[in-house]
Amino acid sequence: MSAGADELVFVPLGGLGEIGMNMALYGFGPKQSRKWIMVDCGIGFAGPEQAGIDLIVPDTRFVEKIRPNLLGLIITHAHEDHIGAVADLWSSFKCRLYATPFAAGLLKMKKLSEPGAPEVPIDIVMQGAKISLEPFSIEFIPVAHSIPEACALAIRTPAGTVLHTGDWKIDVDPGLGKVTDSKRLSAIGDEGVLALICDSTNILREGISPSEGEVAKTLREIIVASTGRVVVSTFASNVARMRAVALAAMAAERDVVLVGRSMDRVATVARECGYLDGIPEFLSMEAFPHMPRDKVVVLATGSQGERRAALARISENDHPVALNPGDRVIFSSRTIPGNEREVGRIINNFIRQDVEVITDRSALIHASGHPRRGEVAQFYDWIRPTIAVPAHGEEIHLAEHARFAASRGVPHVVKARNGDVVLLSPGEPGVIDEVPHGRLYKDGNALLPSDDESIHMRQKLAFAGIVTIALALNDKGDLVGLPDVVFAGLPMKTRGGAAIDALIDETMFQTLDSLPRQKRRDADIVSSAIEKAVRNVVGNVWGKKPTVHVLVVEV
């Protein structure tokens, strides 16, 4: 292959080897002068090991490098793990953004309306439409998912067509919006597809995902049969579920109260786009106290156990929405791995109050927006790609999807991870290079690299607390006034009952007295000696060594 030959490459920067934080690049042309498009710009969610971190976004060092040749950002759908990083990252690449009306509306209302958010130029693209960003042509193919207007992308290039699925499922009764366009996908397969970049989220599950229509039927049965208050918690972005709950409430002659800002925002955009036509206006939380118990359904955020979300606060009697024995709470969602403990805490809170809790373990009240193996098999039958690159999943999902694709007779299966440069054409497909990649942690308004010392220090503080000591010495090394000692995150007493503060004070004075006068005139020596002594003494009696900061002022 000559150095100036046109190449088609796929470069994932997020979403491969993890759930969430989706971002991918497609490049075409000679290596040194490729033209690029970006697909999605999403967030990941921090775990307990990232103490104090709000969100995680992809590292865009490579995007900044290719910025002059970046033609546009294409959004497949409006979930946070596909659009949530736009406000934080767009200024680093500043290209046009292409999205359907619902995704654009949610972006503008939720992310781009915040103080300091950039002015992002958004081009509205309807499902089924095509855009041209030479040398790319992109077709937005309707697919069913758990949010309106999800699209797979047929990315056509001089080297061939790539089908990028985004998130999808096959659902003949999705509740609202368009079904997955099997005829169009089959026609594109007939034209010939070079590569399929496909969702792997539910590849471990056999069969076919339940339909939103089935979930709507179950919700209707439960709500109509209820005699007390009903609270339904689901993902705010699931407008089909929101509509299903509203229709069930209408059948039960109940009104719907929305609780949670994200629920309000999604409902506003959904109504503007026509997805709530025929549904009465939702009531605000202020209406709840005046409504009879059998005339209200509350739609609330917090199905994943978020501590400050509405559902957690309701379960703790720390919210204007109050429940009584005999009322019902419906978790119309699946608990995301890692959130089990927090969701369990909320469920137990309700059960202690004799509130009935219904989850997807006992009734069909949730359906995933991702395809199970039977649906993925159907998709491969439609597309019949030459190359398969499993995407959108953790290591176990990608590995199983690779085996699955090979079993479907795909000639080339490429196992890629974030940062890999995957050659799709010409020649043998495979990983040919690696670009700078990684994660940035959103800490308040700051974006920090994952190896930032403050992140490491915060973990240490969360594990063993901090002791801060400030003292003043004169030029002879004598103590001036009384030291100031503050500690946080340590127990007040040792197992033997000794006061920790008294132990710290005693150790500090003993250490200072044990130093020769000449060394006591050196602030650095005094600081280091007290820090080490206090750490060791507390460690001996507690079993954990805190972070100790000592400030010595010379007066």
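**View 1. Strand β14 (residues 230-233) sits beside strand β17 (residues 328-331), the two running parallel and joined by four bridges.** Here V231 faces V329 of β17. Strands are DSSP runs of E with at least two residues, helices are runs of H or I with at least four, and both are numbered from the N terminus. Two strands pair if DSSP finds at least two bridges between them. This is a predicted model, where local features need pLDDT of at least 70 and side-chain atom pairs count only at pLDDT 80 or more, while totals for chains, interfaces and linings use all residues. Residues are numbered from 1 along each chain as its sequence is written, and side-chain values use heavy atoms, leaving out hydrogens and water.

**View 2. Zooming out, five strands make an open sheet, ordered β15-β16-β14-β17-β18 with parallel pairing.** β15 (255-259) and β18 (356-358) are the edge strands, each pairing on one side only. From one strand to the next, the twist averages 20° (axes are lines fitted to C-alpha atoms, for helices over the stretch in contact; angles run from 0 to 180 degrees between N-to-C directions).

**View 3. Helix α8 (residues 261-272) packs on the sheet, where it touches β15 and β16 (296-300).** Contact means heavy atoms within 4.5 Å. The direction of α8 makes about 120° with that of β15. Helix α10 (residues 340-352) also packs on the sheet, touching β17 and β18, and its direction makes about 165° with that of β17.

**View 4. D81 lies in helix α2 (residues 80-83).** D81 is buried, at 18% relative accessible area (buried is under 20%, exposed over 50%, partly exposed in between, with a 1.4 Å probe and protein chains only). Leaving aside residues up to four places away in sequence, D81 touches G20, M21, N22, G42, I43 and D167.
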